[in-house]
Amino acid sequence: MRLTSIVVLALVLCSTIASAQYTGPWTYQWDFNTSPQGWSVTAPGYWTDPGWVPSAGPTLPDNAPSGGGNGNFYLPDHSVATLDVTSLNIGSGTVGGQPKNPFVFQADVYIPNLLPLTGFDWGYPGNMIDKAGIALWGFSDGYDPVTQSKSIWLFGDIKKGGLWTRDSNWDNIDHYTWWALEHPHGVPEASWWDRWVTLQLDYGVTTPGKWSAWAYRPFASPSIPAGWVLVGNGSWDLHPTGVWFHTLQLGGPESWTQAQFDNVKLYVQTVSAPVPEPVFFQLGALMGMGALGMLKLRRGAWSR
C-alpha cells in the first residue's frame, strides 16, 4: 500500500511538472530598448525608437497613443519582425544528418483598446491580435530547405476572442482555446485590453517528445481565470522524423492588429544536455524511497 501511494504520487508529480509552462532560464533575450538588436522588420511595422516615438507609444488609427510605450516593435496589419536562427539548430529529431535542439520561444504582446472606433468582429473594442503572435519557420527532414519552408505558430483569433496554435510542419491540426482574450461579462468594453499578454511555444523542453503552447493574460475571461492558460488544453507529438527551425517571427503576414511586441526570450536545450531534472530525478528519488520502504517491511517480517 505504501509503495502504491508513492508510485501514484510520483506519477502525479510528473504530470504536474510536464504540464507547467516554462519559466527559465533563458539562453537569449531581446529587450529592443536601444535598437532592433538584429531583427528585421517589414512595413508598415517598425521599431519604436525612443528617440522619436513618445513614451506613451505610437499613434494608432483611433488618433490616440497606444499605451504600449516605445523600445519595442509596433507590428500592425500584415507586418512582421524576424530573426535568422539557422545556426542555433533548434527543432527536433535529425535534419540533414544533424540532431536538432529542443527550445522554448516566448514574447510579450501589447493589445490596445481602439474605442471609439467600431466595426470589429463580435463588436469588440478593437481587432485584438487576429492572426498575429509568435511563430517559427523551418523545414522538415526530406523537405527542400528552400521551397518547402513551413511554420508553427501561436496566434490570436478574433472569431471567438480566442487563441490558436498549429504545427503546419506535419500534422496541420488546429488547437483552440476560445474566449481566452475576452474580459468577463459586465466589464465595460472601455476597460478591455490596453495590457500586455505573454505567448509561449515549448518545443520538446518541458515534456520531451511533445510541444505545447501557453499564454499569460493579466485579466480573466468569462470562463478562464487570469494567469497562464494551456492553449488547446494539451500537448502534441513533435515531428516524427525531424524539423529544423531557421527563423523566429513576431506579428503575422496575414494579421489584423495594432499590437506591439517586446521582451522576446529563447531557451535552447542542446541535445547533449540532460532532460530537465524535476521529472526524472524526483521520480527516481520517489521510486528509490518506495524500494527502501519495501526493504524495511521485509526486514521487519524476517525479524519476527
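Author: Let us begin with the second largest pocket, to whose lining β11 gives the most, with three residues. This is a predicted model, in which local features need pLDDT of at least 70 and side-chain atom pairs count only at pLDDT 80 or more, while totals for chains, interfaces and linings use all residues. Residues are numbered from 1 along each chain as its sequence is written, and side-chain values use heavy atoms, with hydrogens and water left out.

Reader: Which elements give two or more residues to the lining of the second largest pocket?

Author: Rolling a probe the size of a water molecule over the atoms shows where empty space is left. Here the lining includes Trp-137, Trp-153 and Trp-164. β10 (133-140), β11 and β12 each supply two or more residues.

Reader: How do β11 and β12 run, and how many bridges join them?

Author: Strands (E, at least two residues) are DSSP runs, numbered from the N terminus, and two of them pair if DSSP finds at least two bridges between them. Strand β11 (residues 150-157) is antiparallel to β12, and six bridges join them. Ile-152 faces Asp-167 of β12. Four residues separate the two strands of this hairpin, and Gly-161 in the turn has a positive phi of about 60°.

Reader: Why is β12 described as largely enclosed?

Author: Buried means under 20% relative accessible area (1.4 Å probe, protein chains only). Five of the six residues of β12 (residues 162-167) are buried, so the rest of the structure largely encloses this strand. Three bridges also join β12 to the antiparallel strand β13 (residues 175-177), where Thr-177 is the bridge partner of Leu-163.

Methods
Buried < 20%, exposed > 50% of the residue type's maximum accessible area, 1.4 Å probe, protein only. 1 Å grid on protein atoms, 1.4 Å probe; cavity = no way out; pocket = protein on both sides within 12 Å on 5 of 7 lines; lining within 4 Å.
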